[in-house]
Amino acid sequence: RSGNNILATLDLQEVATALLQQRPSAHQPKQPLRPLPVLVSEYGVGFKDNAPAYAPAHDWWILRGVNSKLMTFLDRPDRIIRALPFITGKATWNKASMSDNSSHSYPFVLWRNVTKPSQDSNTTWTWIPTHLHKFFQAWQHGDGARFVADSSDMNLLVQGFRSETRITVVMHSLRVNAGEDVRARLVWPSSLDRGSAVNASILRL
């Protein structure tokens with residue numbers, strides 16, 4: 001779920017929390033409708049198969065889903081106080097992953113176990129990183145004060161951050177068709193000193 005789908009979900013949730021605060025009282029006039037702040041305890045994507053065979057493409061779909069939702073959450077800083085992506089460290093609690101994680105994997109982990117199944121209780125586990133580390137690597141420069149950034153393309157989400165030494169513009173495409181190029185032209189306001197050095201990075205597997 002991303003784009004207009006998640007926007008509609010957030011709108012409905014905000015209206016519901018605002019209406020819940022309307023308590024009929026003979027001594028108190030009705031208060032303005034104000035939605036409650038939201039704490040998103042976990043967000044991401046799901047798979048129909050509980051133990052899918054590992055593939056880097058799974059990491060990509062998780063990265064894509066987490067990024068699209070985060071870009072939407074950032075547009076509501078006055079409503080969403082915190083949002084945590086569902087990306088865990090090592091899924092040692094997942095029985096299927098620990099018994100045969102050389103081919104199957106709990107999808108939402110930073111490290112997956114590639115130890116072959118063994119009856120030996122003294123097995124030394126071997127872990128290798130997944131591509132989900134790239135989520136945190138991609139956002140490590142998203143610091144500073146957020147400034148308003150807008151896109152003329154509804155399928156291109158944009159966020160902007162400005163610190164004392166750096167301006168960061170993050171773009172995320174909602175298009176999913178293979179080979180569909182995304183072209184963007186940044187238009188800066190004249191009041192914004194963007195400096196001379198420009199670095200571009202792309203999140204890919």
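Reader: What should I keep in mind about numbering and confidence before reading the model?

Author: The model is predicted, and local features need pLDDT of at least 70, side-chain atom pairs count only at pLDDT 80 or more, while totals for chains, interfaces and linings use all residues. Residues are numbered from 1 along each chain as its sequence is written, and side-chain values use heavy atoms, with hydrogens and water left out.

Reader: How many helices and strands are there in the protein, and in what order do the elements run from the N terminus on?

Author: Helices (H or I, at least four residues) and strands (E, at least two) are DSSP runs, numbered from the N terminus. Here there are 4 helices and 7 strands, and from the N terminus on the elements run α-β-α-β-α-β-β-α-β-β-β.

Reader: How should I read burial, and what percentage of the residues count as buried?

Author: Buried means under 20% relative accessible area, exposed over 50%, and partly exposed in between, with a 1.4 Å probe and protein chains only. By that criterion, 29% of the 205 residues of the protein count as buried.

Reader: Which residues have the most contacts inside the largest nonpolar core?

Author: A nonpolar core is a set of buried Ala, Val, Leu, Ile, Met, Phe, Trp, Tyr and Cys residues joined through side-chain atoms within 4.5 Å. The largest one has 25 residues, and those with the most contacts inside it are Val40, Tyr43, Phe73, Ile80, Leu132, Phe135 and Trp139. At least two residues of this core are supplied by each of helix H1 (4–20), strand E1 (38–43), helix H2 (56–73) and strand E6 (156–162), and the largest share, 6 residues, comes from H2.

Reader: With which residues is Tyr43 in contact, leaving aside its neighbours within four places in sequence?

Author: Contact means heavy atoms within 4.5 Å. With those neighbours set aside, Tyr43 is in contact with Val66, Lys69, Leu70, Phe73, Ala83, Leu84, Pro85, Phe86 and Phe135.

Reader: What is the strand order in the open sheet of 3 strands, and where does H2 lie?

Author: Two strands pair if DSSP finds at least two bridges between them. The open sheet has the order E5-E6-E7 with antiparallel pairing, and its edge strands, E5 (145–147) and E7 (167–173), each pair on one side only. Between E5 and E6 the antiparallel pairing extends over 3 bridges, and Ala145 stands opposite Arg162 in E6. As for angles, axes are lines fitted to C-alpha atoms, for helices over the stretch in contact, and angles run from 0 to 180 degrees between N-to-C directions. H2 lies across E6 and E7, running at about 120° to E7.

Reader: How many salt bridges does the structure hold, and which residues do they join into one network?

Author: A salt bridge is a side-chain nitrogen of Lys or Arg within 4 Å of a carboxyl oxygen of Asp or Glu. The structure holds 6 salt bridges, one of which joins the side chains of Arg76 and Asp11 (2.9 Å, N to O). That pair links distant parts of the chain, 65 residues apart, with Arg76 in the loop between H2 and strand E2 (80–85) and Asp11 in helix H1. Arg76 is buried, with a relative accessible area of 12%, whereas Asp11 is partly exposed at 38%. The side chains of Arg166 and Asp143 also meet in a salt bridge (3.3 Å, N to O); Arg166 lies in the loop between E6 and E7, and Asp143 in the loop between helix H4 (133–138) and E5. Salt bridges that share partners join Asp11, Glu14, Arg76, Asp78 and Arg79 into one network.
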